[in-house]
Amino acid sequence: SKREIKMRKLDSTKVRPLKSEQLLHIEDHDFALRPGFGGSPIPVGIDVQVESIDSISEVDMDFTMTLYLRHYWKDERLSFRSNKNKSMTFDGRLIKKIWVPDVFFVHSKRSFIHDTTVENIMLRVYPDGNVLFSLRITVSAMCFMDFSRFPLDTQNCSLELESYAYNEDDLMLYWKHGNKSLSTDEHISLSQFFIEEFSASSGLAFYSSTGWYNRLFINFALRRHIFFFVLQSYFPAMLMVMLSWVSFWIDRRAVPARVSLGITTVLTMSTIMTGVSASMPQVSYIKAVDVYLWISFLFVFLSVIEYAAVNYLTTIEERKQLKKRGKASGMYSMDAVQAMAFDGCFHDTDVDMDLTPFPDPCEENETRASQSNISNADTPRLRRKRSLKGNVGRIILQNNHVIDTYSRIIFPSVYIVFNFFYWGLYM
């Protein structure tokens, strides 16, 4: 009746379908079911264009990638008549009303569809029922990294795609164009890595409760740039090791100079090692950089131990010589420092002191100096000074222990051999 028609027009709960929905006959079908439900599995082709690799995190062992994900399938329920055989393109509003593949990213931590200024979703339907569904996604996924060769390592990561609800009996996931289904932007680059290759592969995944599923893999290999770590870790470690060798050329009697140099290099090496460890995950195995830094630390530590041995043996040797001289002549020959410690007076040069009891040695020395009328050119003190100036090299050589002499050759030689072995093994 006319009254019923009028009431239908005034009912606000009834929404008139859009012209596109009327053309696709969406209301005439149940899109909760997949196309061809009850028959053979529906083939869904996939192709991917990688826009960028945003970051690689060693600490979290993951990577972040932005990509265009495109799905291809045929749904005869969406076929329509077209005189010009042209496709129709829709945005994301139609997606909620039809069936689309439920592809998800395996081992994904975070992911989202870009929505500026609107959701980056595109649906294109052809007259014969073929469908193209495209969306722009940023996804962060796990990458199981091996740091045993860090920072001379190459990491192999993969992004895996799979249907969540439909196993291989209902949905067959495959690469639409084979190996050409995966394309990348020409300007993709990373600060610490060089992208060696991108490849596409496929396989099967089994779940005990639901069965076998088709799985697609986006594989890529990343080779780390070594130059940054050479400047930040390797080169400073080399300099610290070489700096520790300077103590081998310092007089063995200069205790403060050699000890302070050794402690400084040890602390600096500890700082370098701590800085490298802070930026890495706490793995339970030894990395290549750990081997280099610990060996370098060992060289620096041994240079400190070397001087401890030199100082100890020097002290024992001087005591033996002092006893021999005392037994032979009843006199001890001491340098200025030893003499001052013995009698409390300052001496410019080596002195010979009798160990027998004697009066105030300071007054005796001053009286002897004031009564001396010998010319300055003939004094033993000046002769000793001239001899000292003329034989500086000989005196320095005599004042260094034999261990120092061997260390100047052994330490650099062994360190050079270690570097050749290390870089040859890991490069």
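Residues are numbered from 1 along each chain as its sequence is written. As the model is predicted, local features need pLDDT of at least 70, side-chain atom pairs count only at pLDDT 80 or more, totals for chains, interfaces and linings use all residues, and side-chain values use heavy atoms, without hydrogens and water.

I begin with residues 226–247, which are 82% helix and 0% strand. Helices here are DSSP runs (H or I, at least four residues), and strands are E runs of at least two, numbered from the N terminus. Helix 3 covers residues 227–244. A bend of about 35 degrees occurs at tyrosine 234, with proline 236 following within four residues; the bend is the angle between axes fitted to the seven residues ending there and the seven starting there. Tyr234 is also among the buried residues of helix 3 (buried: under 20% relative accessible area; exposed: over 50%; partly exposed: in between; 1.4 Å probe, protein chains only).

I turn now to residues 409–426, which are 100% helix, with end C-alpha atoms 27 Å apart. Helix 10 spans residues 402–426. Its 25 residues should span 36 Å, and the end C-alpha atoms lie 37 Å apart, which agrees; the expected span is 1.5 Å times one less than the number of residues. Helix 10 has a kink of about 30 degrees at arginine 408, shortly before proline 412. Pro412 is buried, whereas valine 414 is partly exposed, because its relative accessibility is 43%.
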